[in-house]
Amino acid sequence: MVFEKKYRGISSNFHREIYVSLYLETNITRLMPHPQKIVILGHFGVGKTSLIRRFVDASFSEDYLVTVGVHVKKKDIIINDNPTTLVIWDIEGNSEISMSRSSYLLGSNGFVYVFDVSRPETYANLEAQLEYLKEHFPKVPVTIFGNKADKFGEEVSKAFFEVPPFTECFFTSAKTGENVEEGFKELTIKTLKQ
Amino acid sequence: MDINEIFYHQKLQLVTVDYQGNIINTDNSIFHLDDTKNIKEFHPIFETILTQICEESSGAIAIPCLRIDNGIEKKYCDLRLKKETGYITILFFNLTTRYKEEHTNLSINNKSSIVENSKTNSNHISLL
C-alpha cells in the first residue's frame, strides 16, 4: 500500500523507474540476507567434518579423514520462513584457536566450537578458548557442540557436563544426527540478529 | 614452451571477476571455467569472500590450502584475491602435491596422538 501510494505520487516515468529499482533492491536484500560465514573450530578428531557432513549431506562415515587447510560447504536453510545461506568453513583442527590461520577466521558471522565428550583434552581449555573468541571477535556469536553424545552412558557420564561451562552446549552426535540441525539453526538465528 | 612456462601454466590460474562474481576473464590452466558464468557457481567460498574483500581496507585476501573438489578430483590451492577498480583478480596456486604429503603426515600424527591420549585417560580412570 505504501509502495503504491508513493509510486502514484511520482509524476515522471524516469523517477518512477528509479523508485521501483530502489524499492526492489532494498526489499530483496531484506528478504535474502547475505550468506553467513560459519567457521567450525576445535581440536582435531572431535568430529567437525562429520558434523558438517551430517548437516549438509545427511550422511555419516566412521572413517577418520584428517582435514588439511580448509574445506568449504554451502547449505540453504529456512529460518522463520526466511531463506538463508550458510557458508560453512571446515578448518583443520587445533588445540588452540590462536594456532589457526587468521585468514580463515576473518569476516566470520558465527563460530561453532566443537569438543568430543569422550576426550577430556578436547574440552580441558574450553573456557580459555571461549575467552579468546570473546576478546578477538566480540560481535561474533558462538555456539558450543559437545559431540559424540551417542557415547553417553557407555563410556561417558552425562551428569559430568551438567555444570558450567557446559550448560550452554548442544550435545550432538554426527553419527545419529542428534541436535545437529538444532545447533546450527540456533547459531544462524544469532548471526541474523547481529 | 620453456620450463618456466610449463611450471606456471600448470600451477597458476588467473581469473578476473566483477564485484558480483561474474567471470570477466580466465585462462583455464587449472580449472576449466568456460561454462561457468559466476565464480560463486564454481566454489561456495566466493559466496562470502567477494563481499569481504570489498569491505577489507587492504583490498587483498590470502587463503592458504583451500580444498577444491570438482567431483572428478580434489585439488588443494592457495588463493589470492585483490580488489581493483571495477573488478577483482583471483589467483589460484595449485599446491596439491605438497598439501597431500602434509595430509598423510598429519593423519598419522593425529591418530597416534588420539591413541596416546586415550591410554592416559584410561590410566587416569583406573587410578581413581
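Reply: One definition is needed at the outset: buried means under 20% relative accessible area, exposed means over 50%, and partly exposed is what lies in between. The model is a predicted one.

Me: What makes B:Cys77 buried?

Reply: B:Cys77 has a relative accessible area of 0%, and because buried means under 20%, that label applies to B:Cys77.

Me: How do you know that B:Cys77 is in no disulfide?

Reply: The nearest cysteine sulfur, which belongs to B:Cys65, is 9.4 Å away from that of B:Cys77, whereas a disulfide requires two cysteine sulfur atoms within 2.5 Å. A search of the whole structure likewise finds 0 disulfides over all chains.

Me: Why is the pairing of B:Glu47 and A:Lys74 called a salt bridge?

Reply: The N to O distance between the side chains of B:Glu47 and A:Lys74 is 2.8 Å, and because the cut-off is 4 Å, the pair qualifies as a salt bridge. The count between chain A and chain B is 1 salt bridge, alongside 7 residue pairs in polar contact, both residues being at pLDDT 80 or more.

Me: What makes up the side of chain A that touches chain B, by class?

Reply: That side of chain A has 12 nonpolar, 7 polar and 6 charged residues, and strand 2 of chain A gives the most to it, with 5 residues.

Definitions and conventions:
Residues numbered from 1 in each chain as written. Chains lettered and ligands numbered in written order. Predicted model: local features only at pLDDT ≥ 70, side-chain atom pairs only at ≥ 80, totals over all residues. Heavy atoms only, no water. Buried < 20%, exposed > 50% of the residue type's maximum accessible area, 1.4 Å probe, protein only. Polar contact = N/O pair within 3.5 Å; in protein donor to acceptor, adjacent residues only side chain to side chain. Helix = DSSP H or I, 4+ residues; strand = E, 2+ residues; numbered from the N terminus. Nonpolar A, V, L, I, M, F, W, Y, C, P; charged D, E, K, R; others polar.
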